[in-house]
Amino acid sequence: MTDTQLIKGLIETLVNKHLIKNESDLCRQLEYSTGNLSKIKSGERNIPGSLKTQLIKTFNVNPKYFDGDKQVLLSSDSKIKNMVYVPLKAIGGFLAGYENKVYLDSLERREFPEIKGECFCFEVEGFSMYKSKVFEGQIYETGYKPGSIVVATKVENFSWLSKHKNYVFQTTDGLIIKTYDKIKDDKFQLLSINDEYNPVPPIPVKAVKGIYFIEKKIS
């Protein structure tokens, strides 16, 4: 098969396996140029070795596929490490290197089959997104305790944000977990679950470098 056929077949498989949403999502996850991908699809250029390496590492693509083997992905016994683990000690580097593929590749990756495609794992700091109350001798908890872990997926567009859903906001000042309310006057209006931490100072849209939707709390 030609490289054009190989890349088209690979994209179709990744979409069918729900590992990517579309070509743009593939480029986003790999931080690869959409223009260069289009050139490969049109036959203007071959698949570079660096892209093959990224595809093998990120999506468990069968290395022999690029040599003509019909099996696109390795068997399910070979697990895909699709979750980037960002511990508290790594947050400073994550903020500085969020666009640096080399830095992201240096972070630990773990398998998380409950989510298809790339996701991020963050530790929670502080009590602003946690509250508890005692009712009839029972303790009822809401939100995320300090030290708990949340798994989140990157939001592609601010317009996709949902009111009263929880997100990790990657800002020029740090990472914060808040409940989204709205965007007003080019600023994010956010809320804390713990009322003692409200109101939350609005954050300028231009100060937000990335947003991650919290899919799951795992501890």
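This section describes the helices, the sheet and the nonpolar cores of a predicted model.

Helix α3 spans residues 34-42, and at its start a side-chain oxygen of Ser-33 comes to within 3.1 Å of the backbone nitrogen of Gly-35. The residue that follows α3 is Gly-43, which has a positive phi, near 90°.

Helix α3 also contributes to the largest nonpolar core of the model, a set of 22 residues. Within this core, the residues with the most contacts are Leu-10, Leu-14, Leu-26, Leu-55, Phe-59 and Val-61. Two or more residues are given to the core by each of α1 (3-16), α2 (23-30), α3 and α4 (49-59). Helix α1 supplies the largest share, with 5 residues. When residues up to four places away in sequence are left out, Leu-10 touches Leu-55, Val-61, Tyr-65, Phe-66 and Val-72. In soluble globular proteins, nonpolar side chains tend to be buried together.

The strands considered next belong to an open sheet. This sheet has 9 strands in the order β2-β1-β3-β6-β11-β7-β8-β9-β10, and its pairing is mixed. At its edges lie β2 (109-110) and β10 (203-204), each of which pairs on one side only. Strands of a sheet pair through backbone hydrogen bonds, either parallel or antiparallel.

Strand β3 (residues 119-123) runs antiparallel to strand β6 (residues 149-154), and 4 bridges join the two. Opposite Phe-122 stands Val-150 of β6.

Strand β8 (residues 175-184) has antiparallel neighbours in β7 and β9. Its pairing with β7 (residues 166-171) comprises 5 bridges, and Tyr-167 has Lys-178 in β8 as its bridge partner. The hairpin of β7 and β8 has 3 residues between the strands, and in this hairpin Gly-174 adopts a positive phi near 150°. Strand β8 is likewise joined by 5 bridges to β9 (residues 187-191). In that pairing, Thr-179 is the bridge partner of Leu-191 in β9. Strands β8 and β9 form a hairpin as well, with 2 residues between them. Asp-185, in the turn of this hairpin, has a positive phi of about 55°.

Notes
Residues numbered from 1 in each chain as written. Predicted model: local features only at pLDDT ≥ 70, side-chain atom pairs only at ≥ 80, totals over all residues. Heavy atoms only, no water. Polar contact = N/O pair within 3.5 Å; in protein donor to acceptor, adjacent residues only side chain to side chain. Pairing = 2+ DSSP bridges. Core = buried A, V, L, I, M, F, W, Y, C linked by side-chain atoms within 4.5 Å. Buried < 20%, exposed > 50% of the residue type's maximum accessible area, 1.4 Å probe, protein only. Contact = heavy atoms within 4.5 Å.
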